[in-house]
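Subject: The structure you asked about

Hi,

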Amino acid sequence: MASEANMADETNNNEATELVGDHVETVDVSKHPDPSIPVTDLSLADIERRQSHPVSWAVFIVAVLAAIIAPYWLGRSLAVGHTQWLITHLNLFTPRGVAFVSWTVTLTTFTGLGLAVVESRNWLWRIVFVVGLAAEQFIAGLSLLKLNFWYSTYVVYGDSAQLPNAANLGIIAAGVGVAVYAVVWVGLLILIKKDSPLNVLTRSWASFILFFAIETAALFIVLFGGLLTTV
């Protein structure tokens, strides 16, 4: 039986001299790839701490809180203190147009959040999320969004309450769409086996299509389902 012992370093041709039986022979050897992790005295915990960027995350959290509080307060202040000015400018739009704008802004916010979770190293989507959140909260403040918003909007806007109501319906439609998508997606992950042909529905691209299909359906229900005339 041949016993192998390395007698020399590898050459530029990726060969080595080895003792095979009683003879010295030159044989081909596999070329090992370069190590993906450089040699270092740091522990894994030290490396993770260096990559965590706690200051950046703290700035992001503060930006999210500011995007939630400040725009809503500003929008609500405008709705209460400059109502007639808002009515004059809002009357340039139709209820369907207002609902579509608020739905689009809210959808952009949720999309930015989802992609920020998937691509956690890419700060672009976090910026999209914060900007979209600020815009959505500003619209929510202008339209006095809450559970029974139609009472508040009628008290403030009077006969022009249909437009802020439409904005609220657009925001709610996007939120309900996300909730329905989450339930359907989790259900698919639980019910579909890994070896099933239907497993293709759990792929990332299929999830992306499913999300926008549900959101589009929610928008159509608001625009053409008669909701704009009932609140």
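Before I get to individual residues: helices here are DSSP runs of H or I with at least four residues, numbered from the N terminus. By that numbering, threonine 83 is found in helix α3, which covers residues 83-90. Please also keep in mind that this is a predicted model.

**The chain as a whole**

The chain has eight helices and two strands. Reading from the N terminus, the order of elements is β-β-α-α-α-α-α-α-α-α. There are 231 residues in the chain, and 30% of them count as buried. The accessible surface comes to about 15400 Å², with 67% of that belonging to carbon and sulfur atoms. If you take the contacts between residues at least 6 apart in sequence, 59% of them join residues at least 24 apart.

**Back to threonine 83**

Threonine 83 has a relative accessible area of 15%, so this residue is buried, the cut-off being under 20%. Its side chain reaches the backbone oxygen of alanine 79 at 2.5 Å. Leaving aside residues up to four places away in sequence, threonine 83 touches Leu78, Val156 and Tyr157.

**Asparagine 165**

Another one to click on is asparagine 165, found in helix α7 (residues 162-191). Is it buried or exposed? Asparagine 165 counts as buried, because its relative accessibility is 4%. As for partners, the side chain of asparagine 165 makes a polar contact with the side chain of threonine 153, at 2.6 Å. Threonine 153 also turns up in the list of residues that asparagine 165 touches, along with Phe149, Trp150 and Val231; that list leaves out residues up to four places away in sequence.

**How α7 meets α8**

Two packed helices are described by the angle between their axes and the distance between the axes. For α7 and helix α8 (residues 204-224), the angle is about 140° and the axes are 8 Å apart. The crossing of these two helices, α7 and α8, is right-handed. If you want to colour the contact, the α7 side consists of Leu169, Ala173, Ala174, Gly177, Val178, Val180, Tyr181, Val184, Trp185 and Leu188. On the α8 side, pick Ser207, Leu210, Phe211, Ile214, Glu215, Ala218 and Val222. Sorted by type, the residues of the contact between α7 and α8 are 14 nonpolar, two polar and one charged.

Two phenylalanines in α8 may also be of interest. Phenylalanine 208 lies in helix α8 and is partly exposed, with a relative accessible area of 46%. Phenylalanine 220 has its place in helix α8 and is partly exposed, with a relative accessible area of 46%. From the C-alpha atom of phenylalanine 220 to that of alanine 173 it is 9.3 Å, with the two residues 47 residues apart along the chain. Alanine 173 is one of the α7 residues that meet α8.

**Leucine 144**

Now for a backbone detail. Most residues other than glycine have a negative phi. Leucine 144 has a phi near 55°, a positive value in a residue other than glycine. Where is leucine 144? Leucine 144 is found in the loop between α5 (124-142) and α6 (149-157). With a relative accessibility of 3%, leucine 144 counts as buried.

**Isoleucine 61**

A relative accessible area of 48% makes isoleucine 61 partly exposed. How far apart in space are isoleucine 61 and valine 130? They are 9.7 Å apart, C-alpha to C-alpha, and 69 residues apart in sequence.

That's what I have for now.

Cheers

Notes: Residues are numbered from 1 along each chain as its sequence is written. This is a predicted model: local features need pLDDT of at least 70, side-chain atom pairs count only at pLDDT 80 or more; totals for chains, interfaces and linings use all residues. Side-chain values use heavy atoms; hydrogens and water are left out. Buried means under 20% relative accessible area, exposed over 50%, partly exposed in between (1.4 Å probe, protein chains only). A polar contact is a pair of N or O atoms within 3.5 Å; within protein, one must be able to donate a hydrogen and the other to accept it, and residues adjacent in sequence count only if both atoms are side-chain atoms. Contact means heavy atoms within 4.5 Å. Axes are lines fitted to C-alpha atoms, for helices over the stretch in contact, and angles run from 0 to 180 degrees between N-to-C directions. A crossing is left-handed if the near helix is turned anticlockwise from the far one by less than a right angle, and right-handed if clockwise. Ala, Val, Leu, Ile, Met, Phe, Trp, Tyr, Cys and Pro count as nonpolar, Asp, Glu, Lys and Arg as charged, and the others, Gly among them, as polar. Accessible areas come from the Shrake-Rupley method with a 1.4 Å probe; for residues, only the protein chains shown count as cover.
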